[in-house]
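I opened my notebook to look at how two chains meet. Come along and check each entry against the picture.

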Amino acid sequence: MLSRVAERIYWMARYLERAENTARLINVNAHLLLDLPKKLPLGWRPLIDISGYGKLFDDLYPEPSERNVTRFLVADNRNPSSLLLSLNNARDNARAIRDIIPREGWEVINALYLDTKASLPMGLAQKRRFEFLHAIIGRVEQMTGLLAGTMLRNAGYNFLRMGRNLERADMTTRIVDVRSESLLPQEPEELLPFENIQWMSVLQSLSGYQSYSQKIQGPVRRRNVVRFLLQDPEFPRTFLYCVGQVKQCLRDLPHKRDAVKLIDRTLRSIRRARLEEMDKDGLHKYIDKLQLRLARLDGVITGTYFAL
Amino acid sequence: MPIRWKNYKVAGFYDELIQHANRPRGWARPLCRFFSSLKDEDLRERQTASELAIRSMGITFTVYSDDESGSIDRAWPFDIIPRPIRKDEWDGIERGLEQRVRALNLFIDDLYHGQKIVKDKVVPAELLVDSKNFRPQCVGVNPPQKVWAHVCGSDLIRGKDGTIYVLEDNLRVPSGVSYMLENRLVMKRVFPELFDHYSIEPVDDYPTRLYECLASLSPRRRESPEIAVLTPGICNSAYFEHAYLAQRMGAELVEGPDLNVGKDNCVYMRTIGGLERVDVIYRRVDDLFLDPEVFQPDSMLGVPGLMRAWQNGKVALANAPGAGVADDKVIYAFVPKVIKYYLDEDPLIPNVLTYLCINKQERNHVLANLDKMVVKAANESGGYGMLVGPQSTAKERAAFKRLICKDPRNYIAQPLITLSTTPTLVDDHAEPRHLDLRPFILSGQETYVTTGGLTRVALRKGSTVVNSSQGGGSKDTWIIDTGGS
């Protein structure tokens, strides 16, 4: 497989996953806010922080209102991670490798971008937004299923899954990081009743609420959710699971030694981490470390396979 | 109102389907009946369905634009009324194309070796000296099978009397074949029932034939040689086709930076497992961008050392560099003589009457009749360096007169050609529009001609410009077996 092609597949998968995650975040946040008392200062700002483009947002918009935040995250081309730009990037990558991915895959991805673009800004109107984003999530999932059902199980498929899983792991750590920062109740006594629904929404944004409930009984508490999202070996969006998947993908690839070594170290670290004992700062620092590992893993993969 | 053939005005040209108002050609009757039986909304629905199919299949061509988006993809313009050609007529055309390409390949090989045809004074020497597409780097090189133009796209037109002519041969990197294949898929999706009325020859074995043709050129005798399609990249107007053909052949689609020529003069691809040798490159990059060591030094599209690898027989290039020497518009005028010279046969498909300005007598005739002629520069394409006499101003004619006198070798002239027309959907009815046909001819160990080819149609009324970038569309081309009727 050509290095350039492998790189395109990898990034196509990353961008698709990014688009899906952005749509999930917005929908869940909207639902969460409806359930919270107005005096809770949560609002839409945390989504900007999750995206990592807080400064850019502040430069472009006067305030993190619902309208501004959703526009920034979905439709603003100045945001390098916006949903529309992610779909466009996924499409550009797909187009460059349309000789590799199944033809229907290209059709779905092409139509997804064109339709999404065509339904903006209407799709962002508050009463339509949920359906609009929900449909995008569904179509990315369709794409994932289509690729799983039709792509040759060769190196290309491994790069696809590596891209997707790295992006997923990255998004999961971002969500946990920002949410534990902003959701930690300032006055525990008063806000305790709401902790439950806040963390439920975090799980929902990753479609993980049901899985979580099957494994952990009782009220949804920060401690359990953080452990679940980072350390559960069975739920396919946790940090541990995703990084483990990347290792699996590397199994049949050549020259994998450096990447596997880095993954093994990361897996050892996350398995041993005593997350429940970490306070807000400790958790934040630890997550920083995990994200650094992901960035390094991306670097090693790029160096080994793409930048010959 | 649905399509009414009695309202269809054949306007002084040969029409492919309709003899005159309300009189379809015998074998075209079922087709015409079918279209006139469609109600307005049905017709609209099919049109929409075809547009949807094209959009969702991602059949596009790239147009450059100046805004921030750079180049954009346009959906491929497609007309739903097909363009049928009778098989018995087509069989003759096919033989004529094979003959033509066989002669052209012998001609190119001769030009880069002994130049017998020049020594025998059939083609004047000065034509070669001045040819922009003659590559001295190719002299003495022996490509496999002695074939230089492995993929040729010849443009055919039909004149007023119904005769088919060759308008030009494209021997460098002709494109369009993928649209021929896709048009058929769209047609099958949208008009499945039409295929019951006619026995239509399939077109879809082209990618297999192309693969076989390319594989037969491999310098290494292996069961499955490594074949790569070299594309200038995603911004090229024919990128869709490059990707499409690579996928259908199971070949690697590569860009210049994916390749690397080693010290052993072999060509290698950069892969996730390291470097891998390539045997055959179907290159869709122009000669001058192929190898920065030999041609344009600043080319980012090419591969340094590629010419060296080819000259040493370590890799096959299709088409071979230098093959373009034979699609010069002046050389075109000599093709009938070229056929006679190498094959001792008369051409089966005639050329369009062409005056060579290099010959004094013909030049004088051209200069005296500039207002009736189409004048073309030898190596320009896409409408550049062209004078359309009847639509020109006195000033333009004077300018061309100067150009021709200054460099007569570089100009040819043809009487204004009357392209045939064919019914084309305009809103809710059919109107005649001009069209041409580009079949593709493959030459390797064997020769193969596409069944039909790409029909291009000028969608603007009265226009004869069929290029997709300038308002042209296309049609599905049917070779139909009418049982000899």
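My entries below go from the interface to a sheet in one of the chains.

**Entry 1: the interface.** I reminded myself that this is a predicted model. I then looked up who touches whom: 27 residues of chain B are in contact with 24 residues of chain A. Together the two chains bury about 2200 Å², and 49% of that lies on carbon and sulfur atoms. I noted three names, B:R55, B:Q247 and B:I272, which supply 30% of the area that chain B buries against chain A, more than any other three residues.

Entry 2: How many salt bridges does the rule find across the interface? I found three. In one salt bridge, the side chains of A:R4 and B:E255 meet at 3.4 Å, N to O. I also listed nine residue pairs in polar contact between chain B and chain A.

**Entry 3: which elements take part.** On the side of chain B that touches chain A, α2, α6, α9, β9 and β11 each supply at least two residues. Here α9(B) gives the most, with six residues. I sorted the residues of this side into 13 nonpolar, six polar and eight charged.

**Entry 4: the sheet.** Next I traced an open sheet of four strands in chain B, in the order β9-β8-β13-β14, with parallel pairing. β9 and β14 of chain B stand at the edges with a single partner strand each, so one side of each has no neighbour in the sheet. From one strand to the next the twist averages 25°. β13(B) and β14(B) pair over three bridges, and B:V280 stands opposite B:A316. Finally, I saw α9(B) packing on the sheet, where this helix touches β8, β9 and β13 of chain B.

Notes: Residues numbered from 1 in each chain as written. Chains lettered and ligands numbered in written order. Predicted model: local features only at pLDDT ≥ 70, side-chain atom pairs only at ≥ 80, totals over all residues. Heavy atoms only, no water. Contact = heavy atoms within 4.5 Å. Buried area = accessible area lost by both parts, 1.4 Å probe. Salt bridge = Lys/Arg side-chain N within 4 Å of Asp/Glu carboxyl O. Polar contact = N/O pair within 3.5 Å; in protein donor to acceptor, adjacent residues only side chain to side chain. Nonpolar A, V, L, I, M, F, W, Y, C, P; charged D, E, K, R; others polar. Pairing = 2+ DSSP bridges. Axes fitted to C-alpha atoms, helices over the stretch in contact; angles between N-to-C directions.
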